[in-house]
Amino acid sequence: MGCGSSSNQVSENDDSAESSDQVKPITSIGWDEIQRLSKDGKTIIVVSNKVYNATSFMSRHPGGKYTISSNAGRDCTVEFNRMHSDYARNLFQPLFIGELDCILSDVSHEPPS
């Protein structure tokens, strides 16, 4: 499977008691799925090839909502690592929803077009 496709998709119709901004954890997420979730109102970011749903965290982010929303739907590894301590990285772990299904080089931090 190429970069941008995903064998697993996040279910839109989850019958659990989770809030509407949460998505089910899955193993592999492609850029097409990240873009779909972003269009559906989720704030999805990629850091170090890990995919996070930051929607529920935006109102609590010390740097403000814009800092996260401006990075939604893209890889923000460089920005994230530059600004965050290990403590902050640990706070982000519960937002993990899956691994990126293709590895980005250190040069490219945008989804394939």
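Residues are numbered from 1 along each chain as its sequence is written. Because the model is predicted, local features need a pLDDT of at least 70 and side-chain atom pairs count only at pLDDT 80 or more, while totals for chains, interfaces and linings use all residues, and side-chain values use heavy atoms, with hydrogens and water left out.

The pLDDT, which is the predictor's confidence in each residue on a scale from 0 to 100, averages 76 over the chain, and 67% of the residues score at least 70. Residues 11-19 stay under 50 in pLDDT. For this stretch the model has four contacts (heavy atoms within 4.5 Å) beyond four places in sequence. The pLDDT is also below 50 over residues 105-109, a stretch with four contacts in the model beyond near neighbours in sequence.

Helices (DSSP runs of H or I, at least four residues) and strands (DSSP runs of E, at least two residues) are numbered from the N terminus. Two strands are taken as paired if DSSP finds at least two bridges between them. Strand 2 (residues 44-47) and strand 3 run antiparallel and are joined by four bridges. Within this pair, I45 has Y52 of strand 3 as its bridge partner. The hairpin of strand 2 and strand 3 has two residues between the strands, and S48 there takes a positive phi near 55 degrees. Strand 3 is also joined to strand 4 (residues 96-100), by three bridges, and these two strands run antiparallel.

Helix 1 (residues 31-39) contains the buried residues W31, E33, I34 and L37, where buried means under 20% relative accessible area, exposed over 50% and partly exposed in between (1.4 Å probe, protein chains only). Seen down the helix axis, these residues fall within an arc of 160 degrees, so they line one face of helix 1. The arc is that of the directions from the helix axis to the C-beta atoms. The cover over the buried residues of helix 1 includes strand 1 (28-29), strand 2, strand 3 and strand 4. Just after helix 1, G41 takes a positive phi of about 95 degrees.

T77 belongs to helix 3 (residues 77-83). This residue counts as buried because its relative accessibility is 13%. Apart from neighbours within four places in sequence, T77 is in contact with V46, V47 and S48.

Four aromatic pairs are found in a search of the whole structure. Rings of Phe, Tyr and Trp (its six-membered ring) pair if their centres lie within 6.5 Å; planes under 30 degrees apart count as stacked, over 60 as edge-to-face and the rest as tilted. One of the pairs is that of Y52 and F92, which is tilted, with 4.7 Å centre to centre and 45 degrees between the planes. This pair links distant parts of the chain, since Y52 is in strand 3 (residues 50-53) and F92 in helix 4 (residues 86-92), 40 residues apart. Y52 counts as buried at 4% relative accessibility, and F92 is buried with a relative accessible area of 6%. The rings of F80 and F92 have centres 5.3 Å apart and planes at 40 degrees, so this pair is tilted. F80 in helix 3 and F92 in helix 4 are twelve residues apart, and their pair links distant parts of the chain. F80 counts as buried at 8% relative accessibility. Y52, F57, F80, F92 and F96 form one aromatic cluster.
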